[in-house]
Amino acid sequence: MIFLNIISLVGIFGLCAITWIFSENRNPKYFPWRVVVMGILLQLGLGALVFITPGTRDVLQVFSNLLNGVFDAADSGARFVFGRNLVPVPGQDPFILSPLAPGGTCTPDSAGEIISGFCGIRLGYIFAFRALPAVIFFSGLMALLYNLGIIQIITNLFAKVFYNVMRLSGAESLSGAANIFVGIEAAIAVKPFLAKMTRSELCAILACCFGTAASSTLAIYVSFLKPVFPNILGHLVSASIMAIPACFVLSKILVPETEVPLTAGGIPSERELLEDSKDSDDGVPKETAAGEPIVRVSPMDASILGALDGVKMAVAIAAVLILILGLVYLVNQFFGWLAALPNPIGGWFQIITLQNILGALFLPLTALTGVSLNWEELWQSSVIIGRRLFETAIPAYQSLAAAASLPSSERVISDRAVLIISYALSGFAHLASVGIFVGGTAALVPSRRKDITELGWKALFIGTLATYMIACVAGVFDGLFGVETPSILGAPTSSPTSSPTPTSPSPAVSPSPAQTAPAIPAPASPSSSI
């Protein structure tokens with residue numbers, strides 16, 4: 001285990017080296033030594049607090065339990081709208097009752113059982129009714145907390161830490177801190193300064209969008225992994241915090257700061273932020289509720305507006321998933337058609353699939369995390385992480401949960417791999433986000449559209465490496481000083497095999513469009529089941 005910890009530690013510096021190879025300016029004069037050194041130390045310090053400090057771990061557990069209560073509240077509202085058959089009470093599986101077939105048996109499938117004279121058909125986990133309502137609730141809750149000034153207090157605290165420790169500009173520190181809780185809305189927090197920002201600042205702000213996950217989407221990830229990783233929520237929050245310095249470290253290496261930022265002297269004040277956000281007619285200062293500029297409103301109005309924005313977000317998530325997964329299905333069908341051709345072409349495409357291509361692409365980065373020395377586990381971990389690039393993190397987290405739920409005799413993914421992959425998947429580093437973040441930021445400052453468009457792909461690259469960097473941090477501390485993974489994951493409240501595992505897309509990650517297999521075949525093993 002210590003050898004794997006060392007690999008994870010070396011991986012942090014390996015990711016910095018990879019970024020430097022692609023840097024816009026490799027002149028030693030512009031290398032951000034302070035940002036790199038202090039940013040890495042900050043990540044390791046946060047990791048030590050989360051993984052090996054008993055008091056902090058207890059606080060994290062309490063915080064995780066509190067947030068779980070928030071998710072239960074979201075389920076309560078969804079249960080009233082959709083009914084307990086689709087959104088069951090905690091501890092129960094959703095089911096639909098139908099009259100018994102002749103002979104008193106349940107005929108639909110093996111999931112049916114007789115309940116009070118009816119046949120109860122278990123529905124499993126229905127994404128649209130379980131995950132998307134939580135996005136709506138969280139969006140409204142965040143808008144309410146923003147209106148009450150609570151989010152600003154926390155954001156300013158983190159912004160001061162990033163500014164004082166790494167000596168970043170005030171605007172990028174503030175925007176980065178806001179990314180712990182929101183997504184593209186973080187750019188709105190510094191909108192008055194966007195037009196005059198340096199390329200390095202713009203790249204850092206975009207990178208933080210890709211490297212972190214908005215709090216409103218945490219519910220989706222938690223819903224998949226909670227049965228096998230009960231403490232997942234607290235770790236996702238810590239991952240968002242650690243990802244900010246990781247994004248700053250890598251972005252300043254890739255696009256070094258060669259100018260003097262406008263806000264180099266400190267964090268912008270509330271007055272400065274509102275100065276450029278005044279209504280052109282009556283001069284009434286504006287603020288944002290769930291990322292949308294509005295005239296100052298009451299807490300209830302803000303929460304309602306936030307919930308309505310959550311509806312738009314939920315619909316957008318569903319639309320993107322339908323589109324992306326549909327396109328991936330078409331690509332897989334094409335590979336399946338090639339695999340059905342006579343040898344040697346057919347034999348090659350038994351191995352060359354979209355998932356395997358992405359798995360091979362991300363394999364060196366996955367190896368740097370120290371996830372495992374076992375080839376099969378390393379390969380399966382790489383394929384799961386690779387899925388995020390095209391399919392978003394949602395199917396990837398679903399696949400991780402399915403792989404971790406297999407019986408021990410069939411399971412390839414270890415507890416350490418579950419932990420590291422969870423951190424590696426925690427950002428928005430996928431193609432679908434490019435349009436959202438680049439388009440959204442460009443809409444805020446049209447005069448910088450060219451720079452933002454050019455930096456968007458660099459920011460995606462940085463966001464991907466940043467999530468790998470925080471995965472390395474998790475790998476450094478897992479098993480160190482006797483801290484074993486099971487205590488980090490938390491004790492399962494129920495057997496993973498009986499949990500409501502999602503059924504679509506396929507519960508196990510398989511690179512073959514034609515079959516579903518419990519494990520991912522390595523490209524070096526043509527005889528493996530695909």
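**Figure 1. Salt bridges in the predicted model.** The count of salt bridges in this predicted model comes to 11. One of them joins the side chains of Glu-24 and Arg-199, at 2.4 Å from N to O. Glu-24 sits in the loop between α1 and α2 (33–51) and Arg-199 in helix α10 (residues 199–211), so this pair ties together parts 175 residues apart in sequence. Arg-199 is partly exposed, with a relative accessible area of 24%.

**Figure 2. Glu-24 and Lys-458.** The side chain of Glu-24 also meets that of Lys-458 in a salt bridge, at 3.6 Å from N to O. Lys-458 belongs to helix α21 (residues 449–477), whereas Glu-24 is in the loop between α1 and α2, so the pair ties together parts that are 434 residues apart in sequence. Both ends count as partly exposed: Glu-24 at 37% relative accessibility and Lys-458 at 25%. A network of salt bridges links Glu-24, Arg-199, Arg-448, Lys-450, Asp-451, Glu-454 and Lys-458.

**Figure 3. A buried salt bridge, Lys-252 with Glu-172.** The two side chains meet at 3.0 Å, N to O. Lys-252 lies in helix α12 (residues 232–254) and Glu-172 in helix α7 (residues 170–178), and the pair links these distant parts of the chain, 80 residues apart. Lys-252 and Glu-172 are both buried.

**Figure 4. Phe-162 in the largest nonpolar core.** This core has 133 residues, and Phe-162, Tyr-221, Tyr-397 and Tyr-423 have the most contacts inside it. Beyond four places in sequence, the residues that Phe-162 touches include Leu-42, Leu-168, Ile-241, Ile-244 and Phe-248. Arg-167 and Ser-173 are also among them.

**Figure 5. Surroundings of His-430.** His-430 is found in the loop between α19 (415–424) and α20 (431–444). With a relative accessible area of 7%, His-430 is buried, because the limit for that class is under 20%. Leaving aside neighbours within four places in sequence, His-430 contacts Phe-210, Arg-388, Leu-389, Thr-392, Ala-393 and Leu-460.

**Figure 6. A nonpolar patch on the surface.** The patch is formed by Met-300, Ile-304, Leu-305, Leu-308, Val-311 and Val-315, which together have about 530 Å² of accessible area. Met-300 is part of helix α14 (residues 299–339) and is exposed, with a relative accessible area of 56%.

**Figure 7. Confidence along the chain.** Mean pLDDT for the protein is 77, with 74% of residues at 70 or more. Helix α1 (residues 2–21) has the highest confidence, at 94, and strand β4 (residues 286–289) the lowest, at a mean of 47. Over residues 279–286 pLDDT stays under 50, and the model has 12 contacts beyond four places in sequence for that stretch. Where pLDDT is low, predicted coordinates should not be read in detail.

Technical notes
Residues are numbered from 1 along each chain as its sequence is written. Side-chain values use heavy atoms; hydrogens and water are left out. Helices (H or I, at least four residues) and strands (E, at least two) are DSSP runs, numbered from the N terminus. Buried means under 20% relative accessible area, exposed over 50%, partly exposed in between (1.4 Å probe, protein chains only). Contact means heavy atoms within 4.5 Å. pLDDT is the predictor's confidence in each residue, from 0 to 100. Patches are made of residues with over 30% relative accessible area and no salt bridge: like charges are joined within 9 Å, nonpolar side chains (Val, Leu, Ile, Met, Phe, Trp, Tyr) within 5 Å. Accessible areas come from the Shrake-Rupley method with a 1.4 Å probe; for residues, only the protein chains shown count as cover. A salt bridge is a side-chain nitrogen of Lys or Arg within 4 Å of a carboxyl oxygen of Asp or Glu. A nonpolar core is a set of buried Ala, Val, Leu, Ile, Met, Phe, Trp, Tyr and Cys residues joined through side-chain atoms within 4.5 Å.
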